[in-house]
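Subject: Structure for you, with notes

Hello,

Here is the structure I promised. Please open it beside the sequence before reading on.

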Amino acid sequence: MSRNTSNGSEALSSDPAGAKRDKPVRHRQSVLRTLAPYLFVAPAFSIVFIFVIVAALNTFRLAFTDSTLLVPGKFIGFQNFVDIFHDEYFWTALLNSTLYVVCVVPFMVILPLILASLVRGNSKIMGFFRTSFYTPVVMSAVVVGMIWTNLLDSKGLINSLLEGMHLIKQPIPFLTDRWMILFSAMFVTIWLGLGYYMVIYLTALANIDDSLYEAASLDGAGPVRKFVSITMPGVRSTIVLIMMLSTIAAFRVFNEIYVLTNGTAGPGGQDITMSMMIQQEGTGIQAHTGYASALSLIVLVIVGFMLIVQQIFQSRSEN
Amino acid sequence: MLPPMPEEVQKKGNQMFSLKKTVAAAGAAVMLLSVGACGGQGDKNADGKTEISFQTWNLKNDKYTPYFKELIAAYEKANPNVTIKWMDQPSDNYEEKLSSQAAAKELPDIVDAGPSLQYGLAKAGALMNITKEDPGAKDQFYPNAWKAVTFSGKGMQTASYGFPWYVNDGPNYYNTQLMQKCGLDPNKLPVTWDDYFSQAQTMVNSGCGAYMSTMMAADAGDYASAGVDFMNKDQTEYTFNTPKAVAFLQKFVDLFKAKGIPAEALDASWSQQGDFFQRGSIIAMGGSAYSAADFKKNSPDLYSHLTVGPKISDLGKSATVGYEMLSVSAATKHKDEALKFVKFVTNKKNQLEFAKKSSTFPSSKGGLEDPYYAKIDEGDLQGKALKITLKAVENGFSSRPAQFTDAAGSKYLQQQVALALQGKQTAKQALDKAVDFANGKLNK
């Protein structure tokens, strides 16, 4: 490509000496043109390389060492993984994170779609609803934590209301019972995520041709039939995307459990999740960075496996 | 394909390129210089004076800033070739701040922290061995204070890795109105653990709907105050799973079942304990001498119903004395100047002045004999609290080994105790597991 450019330029030149002088300049230009795309990509790539690729490789290296934050440590083979599989809190964390995926993902996929179907349209009232549903997304984790701990506390608003209405005699242990904490956190996750995924669905719904709904109406289809037969197939690829995103987010849940338990992972640490375990092992002056890195690798493998399984099911159902 | 550039444009481009080069080089130089300014802690400053960085936590405020400004000004006046750079960090995430500073090898010359945080730094070799560098320093402090800053552990020399600074403990605060409601006599406050459990039972039987406190044998101080040896004498093994310790924990398990301890205590933080006390849900709460002033300011109604008593102990003395310490970074470039300043901050005169301001106590020898402490006015709650704390500090000790950090057993003990209280395991299983875990960490 550079040779062709050079030859074409020489053919136009009437001064052979000038052409000779121009040669290094043109050569430099052609090199620059070849390099240009790489130079454009370079800044972004550098950031990704340093903060993602190098960090990931370093995590991989650390996973096979007994490093702490302040002491580099030495290579110990698979010992960290052996220790993890003998750690009772690992199994608790794995169970909690998996339960989170099983319970939260279906709601994250279906509820925002229903919500998006209800609030689509250009009227002001729909705009108000869209904004209301999206508001939790922009709240900080601290604010969310304060709101929900005040609501769910044994002397909080919900328990006080239920007690005041004589519906319960003892406060519901939203924040003191292992399973209640987990389900409360799941509820908060769904509450937080609804608006976010709703916006994604709204974009997908905008691409469905309105004439399909009109035709269905003429054929006598009701709202449920339209939703199942037009809306759902119309946003199929978005459903897959949201399923993947919410699976990753649910398995890596951290903020909700952290704020509802003041970072203690509940009574006896029974509400610990994989991300909380990584945080607890990997931070502080005596952080076990090697152990935390091994945990991170396990999370990576599990999330990767979940996504592959989803992809397999997806492609089978498409076939 | 792009057409070739005309020569003029090319020339202009070359000029621009050189201009760009110049700007880029200047930018790089500025960046490098600013990086240089970020680092180099403890270097000489622009005046050619030696700069010592001094980091405290949660002390830069209206109450304490004037003290530190005066302290630093007095030192700089007496040492004109030294300047002190005082930095204060917020209490939230102080451990994370210290660990990131240590990991980046940017620990300030002098660091303020409690023994459990300092232990992690000392074990990683980030702190100066004071026993080695200043063997005479020991004589400046009370023996219990020096013991609290002396660390031992696998891979480290048994030595002091800092200077003791202010000392604190505190009384138990009691809500007298709630005590009366629950059938208890506010003039007979519990002193021993038997008193405590007996009064808790009376409270439960009264059906007053309150809880005794959030205490649940989840801390080294609880076991030590019940006469349990938390570690063996040479500090090579944890021993808090003896039959005596199991029987002690079992009493809390029974009290929890009888609804004498709130379920929230199972993972309660300090702030929650305060909330429970202020809303009148619990009868007793541990605090510091300065907590009285906080109650007076924030809960005046509650303040009028408060009284104070010593911390519960079967030993006749407190097992929960807390020592703050100042350590010197092992990487300091100005060892002598840093040591001199730390000794200045922790000398008897300066410690006394700070202790009076903060309702804490000095660790330097002779400090507690100051006439100020003999004249404490016990007419109000704060005076009473201060007097009880003085006794605790004079006779008491710190029972929590520095190596029993959150990561090395403290948090795990709390979790296992919570599971025992919930009936998910026995008291013995909880303590056996906690001891095994802590011993495992001790030997790493």
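Below are notes on the annotations, the interface, one tryptophan and some salt bridges.

First, the ground rules. This is a predicted model, in which local features need pLDDT of at least 70, side-chain atom pairs count only at pLDDT 80 or more, and totals for chains, interfaces and linings use all residues. Residues are numbered from 1 along each chain as its sequence is written, chains are lettered from A and ligands numbered from 1 in the order in which they are written, and side-chain values use heavy atoms, with hydrogens and water left out.

**Chain A annotations**

An unreviewed UniProt entry places "domain: ABC transmembrane type-1" on residues 94-310 of chain A. UniProt positions follow the numbering used here, feature names are shortened, and annotations may be inferred rather than shown by experiment. That span is 74% helix and 0% strand. Its end C-alpha atoms lie 19 Å apart. Helices (H or I, at least four residues) and strands (E, at least two) are DSSP runs, numbered from the N terminus.

The entry also marks "transmembrane region" at several places in chain A, including residues 131-151 and 291-309. Residues 131-151 are 71% helix, with end C-alpha atoms 23 Å apart. Residues 291-309 are 100% helix, and their ends are 27 Å apart, C-alpha to C-alpha.

**The A/B interface**

In chain A, 31 residues are in contact (heavy atoms within 4.5 Å) with 38 residues of chain B. The two chains bury about 2900 Å² between them. Buried area is the accessible area (1.4 Å probe) that two parts lose on being put together, summed over both. Carbon and sulfur atoms carry 53% of it. On the chain A side, A:L70, A:I285 and A:Q286 lose the most area to chain B, together 22% of what that side buries.

The rule finds 2 salt bridges across this interface. A salt bridge needs a side-chain nitrogen of Lys or Arg within 4 Å of a carboxyl oxygen of Asp or Glu. B:R279 pairs with A:D153 in a salt bridge, with the closest N and O atoms 3.6 Å apart. Helix 1 (2-12), helix 2 (16-62) and helix 4 (88-119) of chain A each supply at least two residues of the side that touches chain B. Helix 2 gives the largest share, 4 residues.

**B:W86**

This residue lies in strand 2 (residues 82-89) of chain B. B:W86 has a relative accessible area of 12%, so it counts as buried. The classes are buried under 20% relative accessible area, exposed over 50%, and partly exposed in between (1.4 Å probe, protein chains only).

**Salt bridges within chains**

Over all chains, the count comes to 11 salt bridges. A:D210 forms one with A:R120, the closest N and O atoms being 4.0 Å apart. A:D210 lies in helix 9 (residues 210-218) and A:R120 in the loop between helix 4 and helix 5 (124-134) of chain A, so the pair ties together parts that are 90 residues apart in sequence. A:D210 is partly exposed at 45% relative accessibility, and A:R120 is partly exposed at 27%.

In chain B, B:K428 and B:D432 meet in a salt bridge (3.0 Å, N to O). Both lie in helix 19 (residues 427-442), 4 residues apart, about one turn of the helix.

Best wishes
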